[in-house]
Amino acid sequence: LLLILCTLWEIAGNAMYFMGISKWFLLGSRLVSGLGAGGEALILAEIGRVTSEEDRTGIISTLVSMRQLGLIFGPGLNFFLRLSHFYIGPFLVDKFSAPGAFMTCMWTLQCLLLIFFFTDLHILHGNSEREIRATEEINSQKRIIGSNDDEKCRKLTLKLLYDDYIREEIIVLIALQFNSFFNQVALETMATPLSQKLLNWGEIENSLMYCIAGVEVVLVFMLVRFLSKRLQDRTMLVFGCAILTLANCWLMYVVPHTSPDNPQKNIAFFALGIILDMIALPFLVVCSISLFSKLTRKDSQGLSQGIRRSVVGVSCILAPLWAGSTIDKPYIMFGVMIGLLVMALTMLIISFSKLNTNKDGKGTHQITQETLSSVQHEQDQERQPLLSQN
């Protein structure tokens, strides 16, 4: 029901954007659509509840890569939508309003799919009832517990929030997500004006750049899914943060020292920074989401993902303001971004031992087999005749 409500907010927001009655109406449309963005936290919370910790990183990588596919095809659709020029009732559909009309139709279709075809994620994930119970027990066994009252039904209080989220490992992950998204969105903000200034690129060239970058990101997401079975999330986070720091250091050197008079030479230097940034992005996004869900309680995944998404939202608001105001001062712009990343990387290294979700020395597969056997034994005992148990 909550997902359907989120899609209804998106339908209303995009319909308002399509109508575009006034600038304040357009601003209101973005606010309404923002209410529907909470659906992301709901989906990730459900994934955190129904998947094992061994499989979760790979599944989240697949989900986020699907989102990235949308970001790849989205800019390409503008090639066709900008040719629109017709009326729907009193409203003109042109290159400015066509995206709103198109997204209204897409979200309406999504809402219908949710109503008629969406089922329990346990079923979609292919788990039987016995496996579901085992997965829940596994997640409970591997959860970091700070007190003895986790088995009780606890009310949402300030003390509960403090005990659950004011912990070193949680603060490190929240800071890392803020800094990484801040850097990523800032880079996306500055990419278009810098490409126009240094490469003399127009709208088509920039759209192609984003499409190529999107394809690279999807490939890296596939790599993250492959590595998630072999490396821990914390290890991939350190790698991603280091690569993103390197990308920003390279751009801080390249941008002030390139001349707009030689765009052909500038392409290679500019592209290298973008490639490094796109390599780092999937590692940071996927592993931070997955590890955050593993270090927080299973029964509060909705609240946890909501807090995480709020922090990410704040970083996405501040990043364009910072990049836009310092675009002509690259040393200051990249210097602050590098400083944030170095701080996050230092925090990761210092708290590396506390970011381990497998402290009991057993692999997840081993725990799975033991727990499944235990659950199966309990079910067999329940099915035996009463006299045979004596």
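**Core and helix packing in a predicted model**

Visitor: Which residues have the most contacts inside the largest nonpolar core?

Guide: In this predicted model, the largest nonpolar core has 62 residues. Helices that give two or more residues to this core include H9, H10 and helix H11 (233–257). The residues with the most contacts inside the core are Ile-60, Leu-173, Leu-176, Met-190, Leu-237, Cys-241 and Leu-348.

Visitor: Which residues is Leu-173 in contact with, leaving aside its neighbours within four places in sequence?

Guide: Leu-173 is one of the residues with the most contacts inside the core. Once neighbours within four places in sequence are set aside, its contacts are Leu-237, Leu-291, Phe-292, Leu-295 and Leu-355.

Visitor: Is Ile-174 buried or exposed?

Guide: Ile-174 is found in helix H9 (residues 168–198). Not counting residues up to four places away in sequence, Ile-174 touches Phe-292 and Val-311. Its relative accessibility is 18%, and buried means under 20%. Ile-174 therefore counts as buried.

Visitor: How are H9 and H10 oriented to each other?

Guide: Two packed helices are described by the angle between their axes and the distance between the axes. For H9 and helix H10 (residues 203–227), the angle is about 135° and the axes are 10 Å apart. Angles over 145 degrees would count as roughly antiparallel, and 65 to 115 as roughly perpendicular. H9 and H10 are therefore oblique to each other.

Visitor: Which residues of H10 make the contact with H9?

Guide: H9 passes H10 in a right-handed crossing. From H9, the contact involves Glu-188, Ala-191, Thr-192, Ser-195 and Gln-196. By class, the contact of H9 with H10 has three nonpolar, four polar and one charged residues. On the H10 side, the contact is made by Asn-206, Met-209 and Tyr-210.

Technical notes: Residues are numbered from 1 along each chain as its sequence is written. This is a predicted model: local features need pLDDT of at least 70, side-chain atom pairs count only at pLDDT 80 or more; totals for chains, interfaces and linings use all residues. Side-chain values use heavy atoms; hydrogens and water are left out. Helices (H or I, at least four residues) and strands (E, at least two) are DSSP runs, numbered from the N terminus. Buried means under 20% relative accessible area, exposed over 50%, partly exposed in between (1.4 Å probe, protein chains only). Contact means heavy atoms within 4.5 Å. Axes are lines fitted to C-alpha atoms, for helices over the stretch in contact, and angles run from 0 to 180 degrees between N-to-C directions. Angles under 35 degrees count as roughly parallel, over 145 as roughly antiparallel, 65 to 115 as roughly perpendicular and the rest as oblique. A crossing is left-handed if the near helix is turned anticlockwise from the far one by less than a right angle, and right-handed if clockwise. Ala, Val, Leu, Ile, Met, Phe, Trp, Tyr, Cys and Pro count as nonpolar, Asp, Glu, Lys and Arg as charged, and the others, Gly among them, as polar. A nonpolar core is a set of buried Ala, Val, Leu, Ile, Met, Phe, Trp, Tyr and Cys residues joined through side-chain atoms within 4.5 Å.
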